[in-house]
Amino acid sequence: MKKRWMILLFCGLFLTALIGYTVKFLRENDKPKVVVVLKELDSQYWKIVKGGVEKGFRDFDIDGKIFATHDGFAEEQNDILKNILKEKPDVVIVAPISASNIPILKEFDKNNIPVLLVDTNDLWENKTSYIGTDNFELGRKAGELLASQLQPGDEVALPLFDGFLTNQVFSERINGVKYSLEDAGVTVLVDTIKLRDELSSVKKAMTNILQDHPDVKGVFAVNDIIALSVFEVTKEHGYKIPIVGADGVIEMVDLIEDGTLTSTIAQNPYDMGYISVETAVKVIKGEKVAKNIDTGIDIITKDNAKQKLDFLKQLLK
């Protein structure tokens, strides 16, 4: 009798555990499946985007995956997307490296899988939405920020690589900053060079500008990696001038917080990641979403630099 009772108890416990596991499996299986493909994950900027995506996965109870290239080439991103297409997620979120990624994204559309673009927009009309920065507006505000610290007739340096003008993100920023600076009567000096090693090329371009135009009064850099290299050159040559970047990474904000630089423009990569997941959830629910969702920009000054730094360091620790 006791043996039979023990067998029944064991069977009951086993059945309870099995039912619990099955319910949990079904619940997890019912979660929306969202896949995010970023350009890379080595830089601080993309780690911040990833942080926003992961917070979105947790908040909205998403069965989510994040992929990124190792080399930053469009071909590798295409291979990643081809494999994801076979998994048939509910939504795919992509930061396209170039226009050559659009043909494979069209295959998602043909399979009724909505495609959200994050960080980098494309004119492809069948994308469900673009979540990111209005880069012309970023450039325009960066130009206003620089102009507010200068006088009409002053010269501002804009060191570029030859490929920047064909990069949609950078070209929009360049057009925006030129618009504001020229409107304020500030002269924009452009030094375009062939791209080799990025950091050494930036330093060479900036050194050339300072040699040819020793009266330069400010610099706009299309991203913070370039801005930080520019700062090294100006420091070496004894210049203390405003330098405005575009991403708001820790090293750049540090220079604002300690008073070395006066101000800069910052995108909101964390918000890009989070809002892209939030938008994916709305799409899955059948809600209508805007074709373009502007994640805004921040002007970083001494007044708010510490708050920004604390957030970034907490996120990336």
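This is a predicted model: local features need pLDDT of at least 70, side-chain atom pairs count only at pLDDT 80 or more; totals for chains, interfaces and linings use all residues.
**Group meeting: a buried threonine, a sheet and a helix**

Residues are numbered from 1 along each chain as its sequence is written, and side-chain values use heavy atoms, leaving out hydrogens and water.

Thr234 sits in helix H8; helices (H or I, at least four residues) and strands (E, at least two) are DSSP runs, numbered from the N terminus. Which residues does Thr234 touch? Setting aside residues up to four places away in sequence, they are Met206, Leu210, Tyr239, Ile241 and Ile243, with contact meaning heavy atoms within 4.5 Å.

Next, helix H9, residues 250-257, where Ile250, Met252, Val253, Leu255 and Ile256 are buried. Those buried residues pack against several elements, including helix H8 (224-236) and helix H2 (44-59). Just after H9, Gly259 has a positive phi of about 85°.

Now to the sheet. Six strands make an open, parallel sheet in the order S2-S1-S3-S4-S5-S11; two strands pair if DSSP finds at least two bridges between them. Strands S2 (63-68) and S11 (292-294) are at the edges with a single partner strand each, so one side of each has no neighbour in the sheet. Three bridges join S5 (residues 129-132) to S11, and Tyr130 stands opposite Asn292 in S11. Thanks, everyone!

Technical notes
Buried means under 20% relative accessible area, exposed over 50%, partly exposed in between (1.4 Å probe, protein chains only).
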